[in-house]
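Hi,

Here is the model I promised to pass on.

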Amino acid sequence: MTLSALNADVIVDQLNAGEVTATDCVQHFLDRIQIHNAELNAFIRVSESALEQAEAIDQRRKSGESLGSLAGLPIAIKDGICVSGQPTTAGSKMLENFSPPYDATIVERLKSADAIIIGKTNMDEFAMGSSTENSFFGPTNNPWATNRVPGGSSGGSAACVAARLAPVAIGSDTGGSIRQPASFCGITGLKPTYGRVSRYGLIAFASSLDQIGPMTRTAKESALLMSVIAGFDPRDSTSSKEQVSDFLTGLETPLAGLRIGVCRDHLNEGLDVEVKTKINDAISVFKQLGANIEEIELPQTKSAIAAYYIIAPCEASSNLARYDGVRYTFRAQANDLEEMYRNTRGQGFGDEVKQRIMLGTYALSSGYYEAYYLKASKVRRMIKQDYDEAFKKVDLILGPTTPTPAFKLGQHTQDPLAMYLADIYTVSANLAGIPAISVPVEPSSTGLPIGLQLQGRAFEENTLLRAAHQFQNETLWHTASPSEPWRTQS
Amino acid sequence: MSETPEQPTVNQVARLARIHLDDQQLTSSGEKLEQILEFVSQLEQVELPKDVEPFFGAIESVNAIREDNLQTSVPREKILDNAPESDGEFYLVPPVFRNTDS
C-alpha cells in the first residue's frame, strides 16, 4: 500500500520496524505536494530542511539511538503557529517576511518527538474566516471539489490531510477553525479544552477562545498527536495543570452505557436536509454501539454567534494592536509615527481583519463596553451554564458540525453574516471552553463530506476520542479519500 | 442601543483603530459594521438573571505565579531581525511629532 494511504500510527510502526525510511516517507509527501499544491494551495511554504531532518533521523535510528514517539512522521503546521527560523505569516501581508525567533511549545514538543515539519499551511488571515478565502496567499481549494472552499480558518491543514499531502496536521480553533474545515474536507479535527494545549507561539486572535489541536484522518491519530502536544506549559499562563492521561489508552473501551445528548433545536432550523439525515443515521450507529441517546436543551446557544462576534473582535482589536509597523517586518511609508501606524495597518491587513478590528474597537469604545462586551460576556456565562446543566445528564453532546456541506468559493465573500453562520454549531464550545471533535459521516448525494460534532466536559478529551474512535471502527466514512485528479465541480 | 452615547462615525472608529481607509473603504466598512451591529443587537433581547457574572474565559480565578528566577531569553539581535528599521540596539521609527516651525 502506498504511504499516503496509510494512517499516521501505521506509518510510525513501519518507520520503527525499518520497513520504510524517514527519508523515503518525507520524499513521498514532498512529491505529492509538488504535484498537487498548485491546484489546492494548501501549503504556503514547504520546509527546506525536512529532507535533511529525515536523513538525520534515519542515521540516528541506524546507530541504535532511542527516538521519539513520532520519529520520522511528516506533519503540516498551520501558518499561524511559530516555527523558529521558518517564515510564519498567519496568512497576512503584515507578516509576509516574519521569521519567528523561537518555536511554539507544540512545535518544540513535536520536534522532541522527532516528528518532521513538512510545511506551513494556508489559513484565513489571522485565523479570521470560515473559508480560507481571506488569505493574503490566495484561497485553498477543497480537494473533494475544487470549486468549493475547504472551510476555515485552518483550511490548508484540512485540505492537505484530505488530499494526503501530509499524513497529519495541526490547526487552531477560535470559533470552529479546526472542526468546520475538518467537516468540509471529510477528516477528523479536535479542538481540545481551553488550556489543554499551550498557546505559546500561536499568533493570537482571541486569547480567551484560541486553542491548538490535531487535524487527522482518524480519531486514533488525533489521540497520538494529543499525547505529544497536550500538557502544562509554564510559558502559557492559561495552560492547565490538569493531569494529562495517555490519550491512546481506553480508545477501545465499548460505549455501552455512555449517555449522549442530542439538542433537537440544533437538528431543525436552518439545517441542510441531507446533513440532518446523515446525522440521524449516525445517531443510530451510536445506539447500536450501546450508547443511550437523550434529549437535552441548550437554550442560550442561539445567542452564541452574536456573543462570539462581539467577544472575538474585541479581543482581536486588542491583540492586533501590536502590528503597528515597529516590530513585525512590514512598515508602510509615512512622515510621522501616527501616520505610520495608520498606513501600515491600512495596507498590511486584509479587509476582513480590518472589519473585525473596527467592530472590536467600536464595541470597546467609550460608553459601549456595557452594552456590548459586558453583555456578551454575561451571555457567555449563560451558555456555559447550559453546558454545565446538560453535562449533569449526559457524557457527550452530539450534533452536526456545520449547517451545510462545503459552500462554493466566492459564495459568501460579500455577505459576512452568511459566512459567520457557518460556525453556528461550533462557537459555543469555544465560549464555554469545552473540547469538541468533528468526524466524517456519510457524504452528501453530490459527494461532499459532512461532519458530526461531539462535545464533551472540560478535560474529557478521552471520552470524545473514544466515542469518535468507536464510531470509526463501525463506519468507513473517515477512510474515504477524494479521487485524483480532483473533481473541479460539485 | 438607545441609552448609549452618540454613535461614533466609521471615520472615528478607523481613527481609534489606527487604520487608514480610503473613502470607498470607509463606506463599505460602515455598511458592514451596521449590518453586523444589527445582527448582534439580538443580545439586547436576552434576559439575564440579575446576579449573573460575566464569563471572560475558561480559566477562572487562577493567578499564574512562578519563582522569580533569572532565565535566558531570545537574544536581542534575533528579535531585531524582524524590525523594519533598527540601529542594532533599538527600533527606529519616524518622528513622533511633526516639526511645525517650517
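A word on terms before anything else: helices (H or I, at least four residues) and strands (E, at least two) are DSSP runs, numbered from the N terminus. This is a predicted model, in which local features need pLDDT of at least 70 and side-chain atom pairs count only at pLDDT 80 or more, while totals for chains, interfaces and linings use all residues. Residues are numbered from 1 along each chain as its sequence is written, chains are lettered from A and ligands numbered from 1 in the order in which they are written, and side-chain values use heavy atoms, leaving out hydrogens and water.

First, the overall picture. Chain A has 15 helices and 11 strands. Its radius of gyration (over C-alpha atoms) is 21 Å, close to the 23 Å given for 490 residues by the globule rule, so chain A is as compact as a globular protein of that length. That rule is 2.2 Å times the number of residues to the power 0.38. The C-alpha trace of chain A spans about 65 × 55 × 50 Å along its principal axes.

Of the 490 residues, 67% count as buried, meaning under 20% relative accessible area, with exposed over 50% and partly exposed in between (1.4 Å probe, protein chains only). Taking a contact as heavy atoms within 4.5 Å, residues 24 or more positions apart make up 77% of the contacts in chain A with a separation of 6 or more.

Next, a helix to look at: α5 of chain A, residues 155-162. Eight of its eight residues are buried, so α5(A) is largely enclosed by the rest of the structure. Among them are Gly155(A), Gly156(A) and Val161(A). What do the buried residues of α5(A) pack against? The partners are the strands β1 (43-46), β2 (74-78), β3 (116-121), β4 (168-173) and β6 (211-216), together with helix α6 (179-185). After α5(A) comes Arg164(A), with a positive phi near 60 degrees.

Finally, the cysteines. A disulfide is a covalent bond between the sulfur atoms of two cysteines. Counting pairs of cysteine sulfur atoms within 2.5 Å, the total is zero disulfides over all chains. Cys160(A), one of the buried residues of α5(A), has 0% relative accessibility. The closest cysteine sulfur to that of Cys160(A) is in Cys185(A), at 9.4 Å, too far for a bond. Cys82(A) is also buried, at 4% relative accessibility, and its sulfur lies 19 Å from the closest cysteine sulfur, in Cys160(A), again too far for a bond.

Best wishes
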